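Here's a quick briefing on one model, with the cut-offs spelled out along the way. Have the viewer open as you read.

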Amino acid sequence: MAFMKDILTHNIPIWEECAATPFVQEVQTGKLPLEKFKRYMIQDSIYLKNYARIYGKAIFHAATLREIQLYYSMLNFVNDTESEVRLDYLKQFYITDDDIELIAPLPENQNYIDFMFEIASHGKNEEILMAVLPCMLSYSYIFRKLASVPTSKESRYWDFIKDYADEQYAESCKEWSAFAEHKCAGLSEANKKYLAGIFEKASLLELAFWKMAYRNERMEENAK
């Protein structure tokens with residue numbers, strides 16, 4: 001998997017930055033204030049709704065049944081596995097999906113959503129893959145890193161951590177990466193460079209998302 005291996009090697013330093021953000025570190029230790037986690041969960045719910053819509057576009061443009069099945073497996077993870085934990089937390093916060101519909105995305109979230117829809121508007125599934133995969137792959141990388149620290153099990157957010165650190169999820173990420181390799185391997189070097197740029201941009205938007213809770217808190221303090 002030369003193409004995807006090169007992409008992952010290039011982007012892992014960005015994912016390491018994600019893992020080192022105060023938000024993620026405090027998820028690991030359990031010290032993250034619930035209000036910040038609530039803000040993240042609300043924004044993540046807004047993001048995931050739009051993320052699922054991107055997969056709808058990918059399925060529409062799929063060329064083979066196998067391709068449809070791969071996109072569906074990704075969408076299934078978003079709708080089932082991720083939603084189960086997310087909805088449980090929202091229930092704790094007395095928030096429903098209907099409530100989420102009335103909440104506006106924060107700027108970092110809106111930028112990410114806009115980026116994905118701009119890429120999807122081209123109607124090319126290689127590009128869509130590069131826009132959506134960093135979310136799936138980086139979460140597996142980051143949360144497996146967190147779960148490898150024994151004290152993470154003592155975190156109040158352990159159920160959140162362990163879902164993304166799951167071995168089956170990691171295996172699915174390998175399958176999705178192999179599919180991306182198959183889909184993109186025969187393209188020209190210029191096209192591969194362009195696709196690598198999309199993947200990197202999405203990874204940087206992931207980093208901005210992890211910084212979101214703290215950055216917006218500072219903005220609110222400065223506005224007082």
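Predicted model: local features only at pLDDT ≥ 70, side-chain atom pairs only at ≥ 80, totals over all residues.

Residues are numbered from 1 along each chain as its sequence is written, and side-chain values use heavy atoms, with hydrogens and water left out.

**Empty space: how it's defined**

- Rolling a probe the size of a water molecule over the atoms shows where empty space is left.
- Here the search runs on a 1 Å grid over the protein atoms alone: a cavity is a set of points where a 1.4 Å probe fits but cannot get out, while a pocket is an open set with protein on both sides within 12 Å along at least five of seven lines.
- Lining residues have an atom within 4 Å of a point.
- Points are joined across faces, edges and corners, and a volume is the space filled by probe spheres set on them.
- Helices are DSSP runs (H or I, at least four residues), numbered from the N terminus.
- For residue classes, Ala, Val, Leu, Ile, Met, Phe, Trp, Tyr, Cys and Pro are nonpolar, Asp, Glu, Lys and Arg are charged, and the others, Gly among them, are polar.

**The largest pocket**

- The largest pocket holds about 220 Å³ of space.
- Twelve residues line that pocket, and Leu-8, Leu-137, Cys-173, Lys-174 and Ser-177 are the closest to its centre.
- At least two lining residues come from each of helix 1 (2-20), helix 7 and helix 9.
- Sorted by class, the pocket lining has eight nonpolar, two polar and two charged residues.

**Cavities**

- Searching the whole structure turns up two cavities of 30 Å³ or more.
- The second largest cavity comes in at about 30 Å³.
- Its lining is made up of Phe-23, Arg-39, Tyr-40, Phe-209, Trp-210, Met-212 and Ala-213.
- Helix 3 (34-61) and helix 10 (189-223) each give at least two residues to this lining, with helix 10 supplying the largest share, four residues.
- By class, you get six nonpolar, no polar and one charged residues around the second largest cavity.

**Helix 9**

- Helix 9 (residues 167-184) has 18 residues and runs 26 Å from first C-alpha to last, close to the 26 Å expected at 1.5 Å a residue; the expected span is 1.5 Å times one less than the number of residues.
- At its start, a side-chain oxygen of Asp-166 comes to within 3.0 Å of the backbone nitrogen of Gln-168.
- Buried residues in helix 9 include Tyr-169, Cys-173, Trp-176 and Ala-180, where buried means under 20% relative accessible area, exposed over 50%, and partly exposed in between (1.4 Å probe, protein chains only).

- Ala-58 sits in helix 3 and counts as buried, at 0% relative accessibility.
- Skipping neighbours within four places in sequence, Ala-58 is in contact (heavy atoms within 4.5 Å) with Tyr-71, Asn-125 and Ile-128.
- Ala-58 and Tyr-157 are 99 residues apart in sequence and 32 Å apart in space, C-alpha to C-alpha.
- Lys-192 belongs to helix 10 and is buried too, with a relative accessible area of 17%.
- Not counting residues up to four places away in sequence, Lys-192 touches Phe-3, Cys-184, Ala-185 and Leu-187.

- Arg-53, in helix 3, is partly exposed, with a relative accessible area of 48%.
- C-alpha to C-alpha, Arg-53 and Leu-75 are 9.2 Å apart in space and 22 residues apart in sequence.
- Tyr-94 lies in the loop between helix 4 (65-92) and helix 5 (97-100), and is exposed at a relative accessible area of 75%.
- Tyr-94 isn't a glycine, yet has a positive phi of about 60 degrees.
- Pro-150 is in the loop between helix 7 (125-147) and helix 8 (158-164) and is exposed, at 66% relative accessibility.

Definitions and conventions:
Polar contact = N/O pair within 3.5 Å; in protein donor to acceptor, adjacent residues only side chain to side chain.
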